[in-house]
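Subject: Structure handover

Hello,

Here is the structure for your set. The findings follow below it.

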Amino acid sequence: MQTKRVHKLTISALLVAIGILIPIISPVKIILEPASFTLGSHVAIFIALFISPVIAISVSLGTAVGFLISGFPLIITLRALTHVLFAGLGAYWLKRTPGLMDSPFKTQLFSFALGLIHAVAEVAVVSLFYFGGNMSASYYNQGFLQSVFLMVGIGTVVHSMIDFGIAHIIWKALNARTSFAATLLKIKG
């Protein structure tokens, strides 16, 4: 039992490290003023979501704390903190519905639903800063509808679904490799 906890802690720590590192070093950053998106920045959280609700929430909290410690602006740190919502809900949803990702259509629908939850939470955070007068001029120049609703809202749904797709491909490949390795160990054992 203790070994299982150590494994979960190790996996969580590795995913937190990856989740913090990707936004810092990624060369693929899409900047559409006033918003910006880093390809792959949610992959570690989605992989955690595929494992369990506890790991999903732990990784989401860990990356938010990592962003805060790394000196990211408060708005980005708070946006990262909202990932607890979609990660926790998504992981719980997967746990309650084991065959949810058995078909490509259900997988895309699930990804879209998570993207909506993700976007609503991030738009809420950005709206607080927008209406508080704490945003860069580019947000106000383009207005709320374009800069917050379209760029952050719709942009987050698209970004979330792309990162979900990347994470899903990685997760399937990891599962195939570990299943193959487990089969080999059973044959040798």
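From the N terminus on, the elements of the protein chain run α-β-β-α-α-α-α-α-α, which makes seven helices and two strands. Helices (H or I, at least four residues) and strands (E, at least two) are DSSP runs, numbered from the N terminus. This is a predicted model, in which local features need pLDDT of at least 70 and side-chain atom pairs count only at pLDDT 80 or more, while totals for chains, interfaces and linings use all residues. Residues are numbered from 1 along each chain as its sequence is written, and side-chain values use heavy atoms, with hydrogens and water left out.

Overall dimensions

Along the principal axes, the C-alpha atoms fill a box of roughly 65 × 35 × 30 Å.

Of the 189 residues in the protein chain, 42% are buried. Buried means under 20% relative accessible area, exposed over 50%, and partly exposed in between (1.4 Å probe, protein chains only). Among contacts with a separation of 6 or more, 69% join residues 24 or more positions apart; contact means heavy atoms within 4.5 Å.

Surface and charge

The protein chain exposes about 10,700 Å², and carbon and sulfur atoms supply 73% of that area. Accessible areas come from the Shrake-Rupley method with a 1.4 Å probe; for residues, only the protein chains shown count as cover. There are 12 positive and 4 negative side chains, and the centres of the two sets lie 19 Å apart. Lys and Arg count as positive and Asp and Glu as negative, while His and the chain ends are not counted. The place of a charge is taken as NZ of Lys, CZ of Arg, CG of Asp or CD of Glu.

Nonpolar cores

The largest nonpolar core has 27 residues, and Leu49 and Phe110 have the most contacts inside it. Such a core is a set of buried Ala, Val, Leu, Ile, Met, Phe, Trp, Tyr and Cys residues joined through side-chain atoms within 4.5 Å. At least two residues of this core come from each of helix H1 (2-25), helix H2 (43-51), helix H3 (53-69), helix H5 (83-96), helix H6 (104-131) and helix H7 (137-188). H2 gives the largest share, eight residues. Apart from this core lies another, of ten residues, among them Val126, Met135, Tyr139 and Val148.

With neighbours within four places in sequence left aside, Leu49 is in contact with Ala56, Phe86, Ala87, Gly90, Ala91, Leu94, Phe110 and Leu114.

Individual residues

Leu100 is found in the loop between H5 and H6. This residue is buried, with a relative accessible area of 11%. Beyond its neighbours within four places in sequence, Leu100 is in contact with Trp93, Leu94, Lys106, Thr107 and Phe110. The C-alpha atoms of Leu100 and Phe110, ten residues apart along the chain, are separated by 7.8 Å.

Ser41 is also in a loop, between strand S2 (35-38) and H2. Ser41 counts as buried at 13% relative accessibility. Not counting residues up to four places away in sequence, Ser41 touches Gly19, Ile22, Pro23, His159 and Asp163.

Val43 lies in helix H2 and counts as buried at 7% relative accessibility. Residues up to four places away in sequence aside, Val43 touches Asp163, Ile166, Ala167 and Ile170. From Val43 to Val148, 105 residues apart along the chain, the C-alpha separation is 23 Å.

Gly115 lies in helix H6 and is buried, with a relative accessible area of 0%. Leaving aside neighbours within four places in sequence, Gly115 is in contact with Val157 and Ser160. Phe105 and Thr178, 73 residues apart in sequence, are 25 Å apart in space, C-alpha to C-alpha.

Regards
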